[in-house]
Amino acid sequence: MFLHDLNPTVKALTIIGLVFLLAFLFDPVTPLIYICGTMVVTFWFGTFKKKHYVYYFLPFLLFAFGMFWTTLVFTDKSTASEENLSLFGINFPAEDVWVATSLGLRVLAFATLSLLFLFTTNMVHFILSLIQQLKLPPKIAYGVLAGYRFLPMLKTEFQQVLAAHRIRGVNKPETWKEWIVQYQRMAIPLLAGAIRKAERTAVAMESKGFTGDRDRTFYRPMKIQRKDWIFPLMMFGMLGITIALSVYFGYFSFYGGEL
Amino acid sequence: MRNPILRTENLTVTYEEQQSPVLQDINILIEQGEAVLLLGPSGSGKSSLTHCLNGLFPRELDGSLTGNVYIDGQNTTDYQPGEIARKVGVVFQDPDTQFCMITVEDEIAFGLENLNIPHKAMVEKVDQALQWVGMTDHKLAKISDLSGGQKQKVALACILAMEPEVLILDEPTANLDPVATRDFIDLLKHLKQKLGFTLLVIEHKLEGWLTFLERVIVFSENGTINHDGPLHHHLQFHAAKLDTMGIRLPFATRTSLEEHRQPPHPLFVTDLPDPPSLQEETFLEKAKGDALVSMKHATWKSIIHDVDVTIHEGEWIAIAGENGSGKSSLSKILAGIQKPSSGTVFLKGRPLKKWAQQALRKEIGYVFQNPEHQFIADSVYDEVAFSLRHSGIAEEEQQTLVQETLAFCRLEGMEHQHPFLLSQGQKRRLSVATMIVDQQRLLFLDEPTFGQDERSTAELMALLEQKHDNGITIVMITHDMELVDRYADRVLVIKEGRLAFNDRPEKLWAHDNLASFHLELPPREQWKRTIKHKEQPYVST
């Protein structure tokens with residue numbers, strides 16, 4: 001699909017740019033429309049398990065609502081207008097609700113953009129593209145890749161150590177203090193294991209001739225092609241249209257130093 | 001004379017924190033196309049030598065290196081970093097930590113990228129290497145989805161793709177089951193003939209390698225060269241010396257030595273003379289004790305499927321099977337560490353669910369594959385005393401119990417050491433000590449001999465045998481058919497999460513489908529067969 005074939009660096013930079021612009025919008029309508037647009041693009045041009053998207057989206061939704069609610073409850077009551085809105089049986093000034101909604105939706109807009117990237121990008125390709133397009137030092141990049149391989153291993157090892165300690169008669173921690181002691185105990189074998197593994201991997205990489213030199217050839221050349229520019233054009237264009245629409249209908253507001 | 005490809009000159013390596021050098025005054029000359037075995041007890045510097053030969057030392061060495069190492073006539077210090085990889089490639093022991101990429105093709109390409117091979121040539125070389133090791137079908141696979149044997153083949157492909165002149169294998173089959181081991185050695189034999197590389201092998205288990213390694217270099221414990229010469233001749237005539245150094249000899253050689261025969265000792269079971277005593281053994285069916293642990297219709301995730309099995313008091317059971325067939329999972333369910341998704345496990349007739357954790361731990365001990373995982377205290381003494389702390393036993397009695405257990409596991413005098421600073425063998429014995437101090441009646445051991453040299457293996461097995469004689473029930477997971485043959489009363493073979501075989505070892509050896517279980521005959525059994533083979537003509541005529 002189109003989103004999966006994009007150059008990952010172009011995709012990432014586009015999204016960073018969009019997030020930056022969205023951070024300066026201060027009305028709820030513009031991000032709302034943009035969220036819908038981003039989701040349509042994600043689902044239309046990406047292939048992934050839709051169920052997983054929902055799972056990932058839910059915590060962001062919760063976070064956005066938290067943002068909305070804390071802003072609403074903890075800000076000074078606005079006195080700009082007399083108009084009141086009732087939420088969950090509590091009255092709030094309409095303007096506060098407006099601001100809180102815009103903050104909450106902004107979080108969601110960031111979330112949908114991040115998920116677009118996450119669900120349509122192969123991490124390995126992303127890192128390879130960072131080396132090739134943004135000149136990320138191979139030493140760091142291949143270190144990250146090796147670490148990425150380690151994550152599942154570390155999880156298995158954690159479970160093993162936990163089981164191994166249980167059988168030694170270490171009980172499930174009940175107080176904070178016990179909890180801390182238990183994790184300290186587990187940290188030693190886990191660290192020792194991780195250091196040993198990392199060292200072995202480093203030795204293996206070096207013995208395959210890895211020096212960290214930038215001058216290397218690539219099995220998967222990552223190039224920026226003409227079609228890669230469609231994505232930023234599309235996404236920034238969509239933002240432009242969204243802003244135009246909300247300006248036209250009189251909802252638009254830009255950040256003006258409010259807090 | 002052939003071209004000398006590797007040469008060391010008075011090579012001495014000392015690590016920073018150590019007093020005596022790990023390698024001392026090493027002079028070796030290896031010619032192109034040779035197949036050499038590096039032999040020695042653990043800690044004799046074989047791996048350090050590998051690091052000198054692939055250019056890692058002195059660059060990455062914390063310590064000092066004197067003397068010279070020449071590869072293809074050029075001193076390793078004169079090579080550009082990374083350049084030596086074109087000459088010398090290494091396959092390491094652990095299949096999980098020698099990769100840095102996710103998929104097979106990327107991993108093979110990684111080395112080629114380092115060598116700046118152009119893209120088009122790289123694609124061809126990746127395919128070529130995969131074809132050499134017979135893994136073409138797994139080109140796009142994730143490395144983490146492969147079996148241990150397949151991972152080692154990929155590791156080999158990674159090195160072969162770079163077309164080095166020297167191939168060093170550092171215990172490449174230590175993590176593999178018997179069939180995967182044999183496959184790997186056969187593959188290597190075939191590739192050596194085809195590609196003609198020079199081969200250096202570090203290995204503890206010699207069976208399988210004997211037919212194509214020609215020369216042996218023996219290292220002693222102090223890091224000097226003890227012997228350098230033809231492999232077969234050395235084994236035949238100096239087996240006794242190797243044995244006292246703690247090196248594991250091939251079964252035939254060891255047997256001949258044990259029977260106090262004169263050299264030359266045989267290397268293969270087919271060359272062993274028939275002993276008068278080896279007749280068809282009659283087995284005394286040992287009366288089974290009471291059922292200790294039993295499992296009914298146990299299933300766990302997609303790993304264990306509907307297993308029924310009972311362990312009786314006083315038995316010694318071996319669990320065997322292919323890498324990843326579910327051996328560890330099954331033993332953990334039996335030991336009550338892992339709850340099955342369905343089915344029930346009973347201990348002394350009561351479902352495990354009804355046992356309190358603490359009471360359960362007093363009955364069952366479990367020694368994990370990696371002993372370090374189980375260590376929780378800062379000294380050997382505290383480690384063993386830990387499980388007694390809450391047992392309500394008087395302090396003085398605790399002390400004597402701990403001391404007795406330490407003495408039993410031959411760890412006297414180590415009380416104040418940190419468990420992580422012990423040697424591999426000591427760590428293993430300490431983990432056993434922690435599991436028997438509470439008088440547990442049933443002991444599970446996951447690959448108890450893994451990563452240990454002959455001497456510590458022998459010590460550990462002697463210790464277990466003594467415990468077993470005192471009535472302890474033992475369940476061990478192992479790839480080593482010799483251990484199964486020697487100790488087990490019963491073998492459980494797991495195949496794809498199902499119990500494929502559950503009977504006495506002798507019945508397993510007679511099973512037609514041993515290879516499909518990824519197992520092989522133990523050497524003693526092979527020996528018996530050769531005798532039968534020789535006798536057959538008399539029977540038929």
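I began with strand 1 (residues 4–15) of chain B, which pairs with strand 4 (residues 63–71) of chain B in the antiparallel sense over eight bridges. For my own reference, two strands pair if DSSP finds at least two bridges between them. Strands here are DSSP runs of E with at least two residues, helices are runs of H or I with at least four, and both are numbered from the N terminus. I picked out one bridge: B:Thr14 has B:Ser64 in strand 4 of chain B as its partner.

Next I followed strand 4 of chain B to strand 5 (residues 74–75) of chain B, and this pairing is also antiparallel, over two bridges. Here B:Ile71 stands opposite B:Gln74. The two strands form a hairpin with two residues between them, and B:Asp72 in the turn has a positive phi of about 55°.

**A note on the model**

I reminded myself that this is a predicted model, in which local features need pLDDT of at least 70 and side-chain atom pairs count only at pLDDT 80 or more, while totals for chains, interfaces and linings use all residues. Residues are numbered from 1 along each chain as its sequence is written, and chains are lettered from A and ligands numbered from 1 in the order in which they are written.

**Domains**

I then checked the domain bounds, which come from an automatic or database domain assignment. Chain A has domain 1 (2–127 + 222–248) and domain 2 (138–207), with C-alpha centres 36 Å apart. Chain B has domain 1 (4–87 + 164–269), domain 2 (104–163) and domain 3 (291–529).

In chain B, the C-alpha centres of domain 1 and domain 2 lie 25 Å apart. I found 13 residues of domain 1 of chain B in contact with 12 residues of domain 2 of chain B; contact means that the C-beta atoms, placed from the backbone, lie within 7 Å. On the domain 1 side, helix 5 (residues 178–195) of chain B gives the most, with five residues.

**Where the chains meet**

Which residues does the contact between the chains take? I noted 43 residues from chain B and 38 residues from chain A. Helix 2 (104–114), helix 3 (119–133) and helix 9 (357–363) of chain B each supply at least two residues to the chain B side. Helix 2 of chain B gives the most, with six residues.

Conventions: Two residues are in contact if their C-beta atoms, placed from the backbone, lie within 7 Å.
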